[in-house]
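Please examine the sequence and the three-dimensional structure shown below before reading on.

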Amino acid sequence: MTITTARIASILLSGCLAASVFSGHAFAVGDNDSTMPTCKKGEIYDQKTKKCVKQQSANVSDENRTDYAYSLAKAGRYEEALAMLDTVKNQNSAEVLNYRGYATRKLGRTDEGISYYLQSVKMDPQYAKVREYLGEAYVIKGRLDLAKEQLNTIKTICGTACEEYQDLNAVILDPSKI
């Protein structure tokens, strides 16, 4: 290999690596399941300004607060997630109820979590993420029959290739994955 060929290969490889890093981040930003950065307690990540701001900021939308609560829950900060959800004006959205169910379930209050999930399902029966989490709660309760019902419903919503189907199916097959 000549020096010129090696340089060209190096430049191409560097360009591909950089493109993959930046494109991966771009997809994650718009992905509903991605989590935004978490801030210290008492702050919220503002999606508009892309920085942490005081939690009481009037400029932060309900959607931003809901998404941030989910990020907190996914980071294992369940009590903070519930407190953030308490600041959302519209408490009766499928997402708020789902994330409230997720945080309470993760705190060990599975029956309470199930009640929130069921309320979310009533509001949006086609919301696959709530069906996944409801199925996981049923697995925790030892109700594989009900978990499989949720799996079948997810299949009708988004097929077997969607993340919700695959995640719930994995948990049904191996409950230690919860």
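**The chain as a whole**

This is a predicted model, in which local features need pLDDT of at least 70, side-chain atom pairs count only at pLDDT 80 or more, and totals for chains, interfaces and linings use all residues. Residues are numbered from 1 along each chain as its sequence is written, and side-chain values use heavy atoms, with hydrogens and water left out.

The secondary structure of the protein chain consists of eight helices and two strands. Here helices (H or I, at least four residues) and strands (E, at least two) are DSSP runs, numbered from the N terminus. Read from the N terminus, the order of elements is α-β-β-α-α-α-α-α-α-α. The protein chain has 178 residues, of which 38% are buried; buried means under 20% relative accessible area, exposed over 50%, and partly exposed in between, with a 1.4 Å probe and protein chains only. Among contacts (heavy atoms within 4.5 Å) with a separation of 6 or more, 45% join residues 24 or more positions apart.

The table sets out two helices; the expected span is 1.5 Å times one less than the number of residues.

| Helix | Residues | Span between end C-alpha atoms | Expected span |
|---|---|---|---|
| H6 | 13 residues | 19 Å | 18 Å |

In H4, 11 of the 13 residues are buried, including Val96, Tyr99 and Ala103. The buried residues of H4 pack against H2, H3, H5 and H6. After H4 comes Gly108, with a positive phi near 95°.

Helix H6 covers residues 128–140, and 12 of its 13 residues are buried, among them Lys129, Arg131 and Glu132. The cover over the buried residues of H6 includes H2, H4, H5, H7 and H8. Gly142, which follows H6, has a positive phi near 80°.

**How H4 meets H5**

Two packed helices are described by the angle between their axes and the distance between the axes. H4 (residues 94–106) and H5 (residues 110–123) pack at about 165°, and their axes are 7 Å apart. H4 is therefore roughly antiparallel to H5. That term applies to angles over 145 degrees, while those under 35 count as roughly parallel, 65 to 115 as roughly perpendicular and the rest as oblique. Axes are lines fitted to C-alpha atoms, for helices over the stretch in contact, and angles run from 0 to 180 degrees between N-to-C directions.

On the H4 side, the residues in this contact include Ala94, Leu97 and Tyr102, and on the H5 side they include Tyr116, Ser120 and Met123. The contact residues comprise six nonpolar, seven polar and three charged. In this grouping, Ala, Val, Leu, Ile, Met, Phe, Trp, Tyr, Cys and Pro are nonpolar, Asp, Glu, Lys and Arg are charged, and the others, Gly among them, are polar.

**Two serine residues**

Ser120 lies in H5 and counts as buried because its relative accessibility is 0%. Leaving aside residues up to four places away in sequence, Ser120 touches Ala94, Leu97, Asn98, Tyr127 and Val130.

Ser93 lies in the loop between H3 (78–86) and H4. Because its relative accessibility is 16%, Ser93 also counts as buried. Ser93 and Asp124 are 31 residues apart in sequence, and their C-alpha atoms are 8.8 Å apart in space.
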